[in-house]
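Work through the exercises below with the model open. Each task is followed by a solution in steps.

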Amino acid sequence: MPELFTQPIFIDNEGFKLDEAGSLIAGVHIDADKAYSELPDLLQKFINTQNEEVWSEIEKKIDYIYSGIFIMLNYLDEETNFMCKLQEEVKKNKILLFKPNIMSPDCISGYNHGAGSAYSLATKWPMVAAIMRWFHDNGNINYSQMGLIEGCNDLIASICNKTFSSQINKIITNEGILEGRVEGLVDGEIKTFDGGWGFYYVRKYLSSHCSQDESDNPMNGYEESCNGILLAPGEAKNKLMIYDINTLQEVPSRKSIFLEKFSLAFKLSQQENQEKDLFYNKMIYGKGYWPSFKTVEYLYNMTYVYGGQSLKSISLSSPYGCLFQYCDIVKNSGNYTKNPSTALSDYFKDLNSGEKPLPFTFFVPHGFGKLNGIKVPNTIETNDPKLIFTAHFKEIW
């Protein structure tokens with residue numbers, strides 16, 4: 001790796017290192033002229049001419065960014081050994097997901113192929129290309145073990161569909177807009193829509209920096225993006241996929257627990273108020289900050305079991321709510337469920353007044369017996385796999 005950058009600088013302030021107690025970070029200063037400044041014009045010229053010499057100039061700029069990423073992330077890995085931990089997770093068939101900040105995917109203009117209105121706001125696709133290459137080259141992680149997740153702006157998608165879909169005789173999917181290039185067939189001739197973010201060009205760059213192994217081909221998955229075919233990570237064999245979190249629930253085939261959790265994580269990151277992460281004291285989420293995946297899993301599972309995060313939000317349609325209704329109808333003549341809107345709140349109110357609980361027990365994993373620190377009635381926490389998520393009346397569910 002060429003020595004393009006200076007040695008690291010460690011800043012002290014009156015004898016102690018800045019942010020000594022916080023998370024370890026690494027940074028590198030890059031020359032914008034060598035990295036980004038001419039890229040929109042170069043990409044515009046390449047799209048319009050398909051001149052490979054122009055593409056070579058683009059690759060040189062991404063190589064320069066990669067040189068800086070190489071130094072920065074190597075220093076970080078030396079201090080934290082995070083790559084070893086990451087490789088262990090990938091071996092468990094987990095996907096390494098990259099989440100750029102794309103407030104709007106209008107980074108490549110669909111009209112003239114130059115810089116779009118959001119170019120200066122969004123994470124640059126060449127940066128993502130350089131980072132993905134670093135994890136591939138230094139972590140021995142195939143591109144089929146990676147993915148990109150983002151929410152495509154539905155307004156931009158609507159504009160592209162109305163304006164450009166007829167020109168290529170094809171509906172332009174949200175994933176296609178994130179790709180930045182969609183091919184269609186018009187009268188036997190291939191036509192292209194060029195506009196959006198630019199993940200197609202991430203794929204093109206990575207293709208020249210990987211083996212010829214089909215499981216390591218970053219172009220695999222591009223066709224699915226253009227055709228609106230979303231495969232869950234377990235189904236996306238040998239494919240580098242884009243996951244648009246805004247459209248996960250539109251088609252039943254798109255529903256998977258894995259993706260639903262990431263959809264929840266995104267929603268939590270966008271909420272107006274900031275909250276402490278449930279498992280990591282130094283982390284917060286909200287206002288652009290993402291929660292830990294452990295917190296997401298916990299909240300997702302609690303919502304699945306109870307339908308909400310507090311006693312007041314428990315749903316009658318949740319597993320807990322169904323058990324309550326069954327027991328009330330069979331053992332209590334339906335005294336509570338005759339008023340469905342207040343059934344659970346009435347039950348909890350009676351319990352607080354000293355009434356006996358309904359005769360059912362719901363066994364849940366440790367940590368699932370409380371909502372917001374308040375014990376959920378009729379639940380018992382257990383580690384016994386034979387008991388977890390079973391319910392006991394006279395019979396056992």
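**Exercise 1.** In which hand of crossing does helix 3 pass helix 5?

*Solution.* The model is predicted, so local features need pLDDT of at least 70 and side-chain atom pairs pLDDT 80 or more, while totals for chains, interfaces and linings use all residues. Residues are numbered from 1 along each chain as its sequence is written, and side-chain values use heavy atoms, without hydrogens and water.

Step 1: Helices are DSSP runs of H or I with at least four residues, strands runs of E with at least two, numbered from the N terminus.
Step 2: The axes of helix 3 and helix 5 come within 8 Å and cross at roughly 55° (lines fitted to C-alpha atoms over the stretch in contact; angles from 0 to 180 degrees between N-to-C directions).
Step 3: The crossing of helix 3 with helix 5 is right-handed (near helix turned clockwise from the far one by less than a right angle).

**Exercise 2.** Describe the surroundings of Lys-261.

*Solution.* Step 1: Lys-261 lies in helix 10 (residues 257–270).
Step 1: Lys-261 is buried, with a relative accessible area of 11% (buried means under 20%, 1.4 Å probe, protein chains only).
Step 2: Leaving aside residues up to four places away in sequence, Lys-261 touches Phe-293, Val-296, Glu-297 and Tyr-300 (heavy atoms within 4.5 Å).
Step 3: Val-296 is 35 residues from Lys-261 in sequence, and their C-alpha atoms are 6.4 Å apart.

Terms used: Buried < 20%, exposed > 50% of the residue type's maximum accessible area, 1.4 Å probe, protein only.
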